[in-house]
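Here is a short tour of one protein model, written for a first look. Keep the picture open as you read.

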Amino acid sequence: MCALMQEVLESAELEVVTPAKGIENQLHFDEEKFDVALIGLGTPSENGMELVRQIRKSSFNRKTPIIMISDDLRPAALTEGFKAGASFFVYKPIDRAHLMRLIRVTQGTIEHEKRRFRRIAVRARVRVKCGDKSVEGETIDISLNGALIQASHTFPVGSPVEVNLYLLAGKPPIAGLGSIMRLVEGNQMGIQLERLPAAESGRLQEYLLPLTTG
């Protein structure tokens, strides 16, 4: 089954990552963005269900398509899978053609997620506030989902922050809430935008979309 999944994913020009242990799976999903996740479920299936729930809680993969492939034939398994957060639920055995059709169905979501996370090199003024402290800096790159910025000092990983992006001269900044996801040498911070109001998200998309597709 693993060999079949790898063959299908590679034929769809997707790089395959196959962690060996549950904890490795969780760490991968917490630290890296994936296009699609295929999870094989045994009997009992609770470990796999819990992994799906963890993926849906992760910052990077909340909307990643998840295909669950199960040999758990209980009627409740299907309901449990979708409740946990699965996008598709299929029973073993599954052949190459069926799996390829599922991957193709996810392509629209995959492309949307790629655009959302695609980083565009943009230099713009930014102000980041954490508690009663704030710092001004400059963006290095921006996506619909976050930004990498350089400033005089940084805040610790995990810190909740308020972000103001000054993308267009004479226009109000794009403002929202996020958190510090990573620190890079040279006083750089990777910020995940987690709660961007719909109007602000629309403004950011309007600004970035021509740069993304150009």
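Which exposed residues are carried by the face of helix 5 turned away from its buried side? They are Arg 104 and Val 105.

## About the model

This is a predicted model, where local features need pLDDT of at least 70, side-chain atom pairs count only at pLDDT 80 or more, and totals for chains, interfaces and linings use all residues. Residues are numbered from 1 along each chain as its sequence is written, and side-chain values use heavy atoms, leaving out hydrogens and water.

## Helix 5

Helices are DSSP runs of H or I with at least four residues, strands are runs of E with at least two, and both are numbered from the N terminus. Buried means under 20% relative accessible area, exposed over 50%, and partly exposed in between (1.4 Å probe, protein chains only).

In helix 5, the buried residues are Leu 99, Met 100, Leu 102 and Ile 103. Down the helix axis they fall within an arc of 160°, so they line one face of helix 5. The arc is taken from the directions from the helix axis to the C-beta atoms.

## Helix 1

Helix 1 spans residues 2-11, and its buried residues are Leu 4, Met 5, Val 8 and Leu 9. These cover an arc of only 125° around the axis, which puts them on the same side of helix 1. They pack against strand 1 (37-41), strand 2 (66-70) and helix 5 (96-105), with contact meaning heavy atoms within 4.5 Å.

The face turned away from the buried side of helix 1 carries exposed Cys 2 and Ala 3. Just after helix 1, Glu 13 takes a positive phi of about 60°.
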